[in-house]
Amino acid sequence: MTSEPIVDAKLAQRRVPLIDGIDKVTGRARYTVDLDHADALVGRILRSPVSHGNIVRLDVSKARALEGVIAIVTGDDCPYTYGVLPVAMNEYPMARGRVRYRGEPIAAVAAIDADTAEQALALIEIEIEKLPAYYISEDARAPDAVLLHDNKPGNIEREVHHEFGDWQAALAQADLVREEKISCAEINHAQIEPHACLAEYDPLTERLLMQSVSQVTYYLHLMLSRCLAMDESRIRIIKPFVGGGFGARVEVLNFEIITALLARAAAGKVLMALTREETFLTHRARPQTDVTVKIGMKRGGKITACTCEVVQRGGAYAGYGIVTILYAGSLLQGLYDIPTLRYDGYRVYANLPPCGAMRGHGAVNTRHAFECLLDRMARELGLDPFEVRRANLLKPPLFTLNGLMVNSYGLPECLDKIEQASGWKERIGKMPPGKGLGMACSHYVSGAAKPIHWTGEPHAVVNVRLDFDGGITALTGAADIGQGSSTMVAIAVAETLGISLDRVRVVAADSAVTPKDNGAYSSRITYMVGNAAIDAAQKMKTILTEAAARKLEARPEDIEAIGEVFRVSGGGEQSSLPFHEVAKAALVDRGAITVSGTFTTPVEAQGGKHKGGAVGSTMGFSYGAQVVEVSVDDATGQVTVDKVWVALDCGHAINALAVEGQIEGSVWMGMGQAMSEETRYLDGLPAHASLLEYRVPTIVESPPIKVFIVESHDPNGPFGAKEASEGALASFAPALVNAIANAIGIDLDEIPVTPDRVMQALIDRRRQARLAQSVRAAS
């Protein structure tokens with residue numbers, strides 16, 4: 001289960017500004033809509049005006065005849081389904097025969113300008129026979145509900161049933177058994193950059209160039225090949241700068257394939273820039289979820305058993321749904337010692353935009369419900385919430401009931417740090433009315449141990465190149481979407497080679513130049529690509545060391561490289577060479593040198609043998625804990641977050657500056673889901689289709705966040721590192737709800753905890769108090 005650390009870290013202990021930071025803050029960074037599109041046609045999409053129905057007639061003849069319209073495509077132009085999972089591809093880029101949500105693409109045009117494109121859309125004639133539409137899971141699951149997909153009875157995309165141990169006997173042995181149903185609203189990624197892509201098709205060479213906002217250009221490459229029936233070798237994908245993803249761009253998105261279809265039909269270049277409303281319609285975010293969780297607990301706080309039922313409203317198509325509903329159950333484990341467990345999960349179709357992966361994929365809502373119930377039971381037993389968590393800590397190395405590998409576990413230290421920093425022991429239960437403290441824990445994977453597309457290739461490949469100029473170029477297919485992965489690769493290479501960071505250049509995500517990478521999802525890049533980068537740099541270092549040994553007439557094992565100087569260990573100044581001389585010596589008789597580094601997850605880390613057991617498996621988990629302090633105004637229901645203390649075990653902070661930023665971002669995103677963010681639909685039409693209606697926190701709402709980095713040094717991670725961008729997210733919402741309960745004595749079962757929900761809970765309590773008083777008076 002363990003091995004020796006790959007290499008000691010020195011540079012990988014510094015606070016390093018992101019290598020692309022200057023381009024971003026000076027405006028030099030070119031995002032998709034900034035690319036040269038002066039000669040590009042304008043793409044526009046015609047979307048369904050109804051939530052569910054059969055397409056009776058679609059006539060594009062008038063639009064096609066409009067001057068300035070160069071190409072029109074419909075569902076007839078692409079008979080192939082697409083999707084992120086090979087076993088669940090049930091979506092067409094444009095509807096064929098039936099529409100299943102309001103806003104689903106039906107046709108698209110490419111025209112000489114935006115006005116012409118809009119006029120063309122208005123000329124397309126469409127007739128749709130309406131079918132019943134379902135916007136909540138309960139209605140979609142009704143016995144008489146019309147099926148959205150004929151092969152999915154009950155409108156269930158996937159149901160999961162897992163049992164580990166005798167949970168019924170374990171519940172019977174508990175001193176306290178409690179159950180709660182907690183609901184989490186659907187939310188959206190709300191990344192700052194709207195969706196866009198630029199496609200260019202050359203009819204002479206029959207080649208396609210695509211530049212898009214994708215987080216996983218490899219998936220995009222596969223689906224373009226599939227949907228356009230093109231050989232993969234004729235497609236090139238380049239990732240420009242990306243203005244945030246958070247999971248929104250992990251899947252291939254319909255507009256990307258549509259743009260490629262238009263470019264081929266027009267035999268030219270097409271820019272598709274979606275509006276904010278269209279970006280919301282494309283969606284793929286966290287589903288509305290109902291979680292019913294039951295926990296058995298001993299008087300001392302030890303958990304004996306847990307049962308959990310999760311119902312996710314997944315939208316109109318499969319997308320990532322199978323994985324999301326599996327994650328929701330699998331990641332109940334790996335944080336605490338739970339002796340027995342039962343999980344039942346249901347992914348439900350509804351006539352709404354499809355949901356997908358979002359930061360903390362699959363784990364956030366179930367973790368919220370679990371942590372809330374844990375606190376309520378602690379209160380009932382008269383136990384401190386910290387005490388209950390400590391009563392259920394893991395003792396690694398171990399495998400969980402469902403086969404998840406845990407080698408490093410910094411949760412105990414995370415708890416210690418936030419308990420002390422927040423003054424928990426001194427303040428809990430002694431705060432003024434309307435003030436409260438709450439805490440919760442969370443964890444997340446450092447990359448999925450099994451790739452979605454199993455090819456037998458390594459999980460990550462990085463090439464490192466040395467040429468005459470003495471520069472080191474790291475080539476990676478990994479997409480930097482703002483999380484700092486390219487900076488991590490540069491640090492890994494520079495540290496391993498013992499050279500200056502500014503000697504390293506990173507080229508990322510160009511399918512014609514860089515090796516294939518499985519993409520930016522499930523926080524896989526630091527662990528997997530980082531290890532591959534170190535492997536490549538070690539191979540390059542061997543070549544350089546041998547060249548230095550020849551020049552210095554020494555044995556390679558006696559050569560050390562420090563600070564861009566290769567020297568004989570124990571030798572004087574005469575026994576050393578600067579890096580550039582060693583590089584020239586290495587190039588003799590061979591020219592430019594390129595080496596390949598790889599990383600593959602070992603079999604033992606790839607999860608349990610039960611059906612769906614690979615989902616949730618990883619090389620290492622990050623662990624987080626938070627304390628949230630709140631003020632609640634009982635006259636308005638307004639909740640204010642006064643301060644947050646958060647600790648995250650990231651194994652090793654390769655770049656502490658970036659790690660702190662990722663942790664703060666996790667807290668901020670968790671705060672949005674907990675307090676204000678919620679997608680709302682009126683007859684299937686989004687009522688939140690701008691950043692005015694969809695309420696993400698601003699700097700005004702953002703509290704002081706005190707970050708603590710805990711380093712447990714995972715034995716297999718690069719420099720001991722694990723993921724750092726998702727593990728802290730899921731503990732914010734339950735910590736907030738627990739803090740509100742501490743402040744006003746009310747447990748809230750819905751998030752976001754908007755002022756109207758808090759106010760309604762206060763009104764209900766006053767009404768109940770008056771009723772109880774009346775009953776007492778009458779008796």
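User: In this predicted model, what is the order of the four strands that form an open sheet with mixed pairing?
Analyst: The model is a predicted one. Its four-stranded open sheet has mixed pairing, and the strand order is β21-β20-β19-β25.

User: Which strands stand at the edges of this sheet, and why is one side of each left without a neighbour?
Analyst: Each edge strand has a single partner strand, so one of its sides has no neighbour in the sheet. Neighbouring strands here are turned by 20° against each other on average, direction ignored. The strands at the edges are β21 (504-508) and β25 (593-599).

User: Which residue of β21 is the bridge partner of alanine 474?
Analyst: Strand β20 comprises residues 472-476 and pairs with β21 in the parallel sense over five bridges. Within β21, the bridge partner of alanine 474 is valine 506.

User: Are α14 and α15 roughly parallel or roughly antiparallel?
Analyst: Helix α14 (residues 485-497) packs on α15 with the axes 8 Å apart and at an angle of about 30°. Angles under 35 degrees count as roughly parallel. The relation of α14 to α15 is therefore roughly parallel.

User: How do the residues of the contact of α14 with α15 divide into nonpolar, polar and charged?
Analyst: The crossing of the two helices, α14 and α15, is right-handed. Among the residues making the contact are Met488, Val489 and Val493 of α14, together with Val529, Ile534 and Lys541 of α15. The division is 12 nonpolar, five polar and one charged.

User: What term describes how α6 and α7 are oriented to each other?
Analyst: Helix α6 (residues 217-228) packs against helix α7 (residues 254-266) with axes 10 Å apart and an angle of about 50°. The crossing in which α6 passes α7 is right-handed. The two helices, α6 and α7, are therefore oblique.

User: How many charged residues does the contact of α6 with α7 have?
Analyst: From α6, the contact takes in Leu220, Met223, Leu224, Cys227 and Leu228; these meet Glu256, Ile257, Ala260, Leu261 and Arg264 in α7. By class there are eight nonpolar residues and no polar ones, and the number of charged residues is two.

User: Which residue in the hairpin of β13 and β14 takes a positive phi?
Analyst: Strands β13 (residues 288-297) and β14 pair in the antiparallel sense over 10 bridges. Five residues lie between the strands of the hairpin, and the residue with a positive phi, near 100°, is glycine 301.

User: Which residue of β15 is the bridge partner of glycine 315?
Analyst: Strand β14 (residues 303-315) is mostly covered, with 12 of its 13 residues buried. Nine bridges join β14 to β15 (residues 341-349), and these two strands run parallel. In β15, the bridge partner of glycine 315 is tyrosine 349.

User: Why is helix α9 largely enclosed, and what covers its buried residues?
Analyst: In α9 (residues 321-330), 10 of the 10 residues are buried, so this helix is largely enclosed by the rest of the structure. The buried residues include Ile322, Leu326 and Tyr327. The elements covering the buried residues of α9 include β7 (156-164), β14, β15, α10 (364-381) and β18 (435-445).

Note on methods. Residues are numbered from 1 along each chain as its sequence is written. This is a predicted model: local features need pLDDT of at least 70, side-chain atom pairs count only at pLDDT 80 or more; totals for chains, interfaces and linings use all residues. Side-chain values use heavy atoms; hydrogens and water are left out. Two strands pair if DSSP finds at least two bridges between them. Axes are lines fitted to C-alpha atoms, for helices over the stretch in contact, and angles run from 0 to 180 degrees between N-to-C directions. Angles under 35 degrees count as roughly parallel, over 145 as roughly antiparallel, 65 to 115 as roughly perpendicular and the rest as oblique. A crossing is left-handed if the near helix is turned anticlockwise from the far one by less than a right angle, and right-handed if clockwise. Contact means heavy atoms within 4.5 Å. Ala, Val, Leu, Ile, Met, Phe, Trp, Tyr, Cys and Pro count as nonpolar, Asp, Glu, Lys and Arg as charged, and the others, Gly among them, as polar. Buried means under 20% relative accessible area, exposed over 50%, partly exposed in between (1.4 Å probe, protein chains only).
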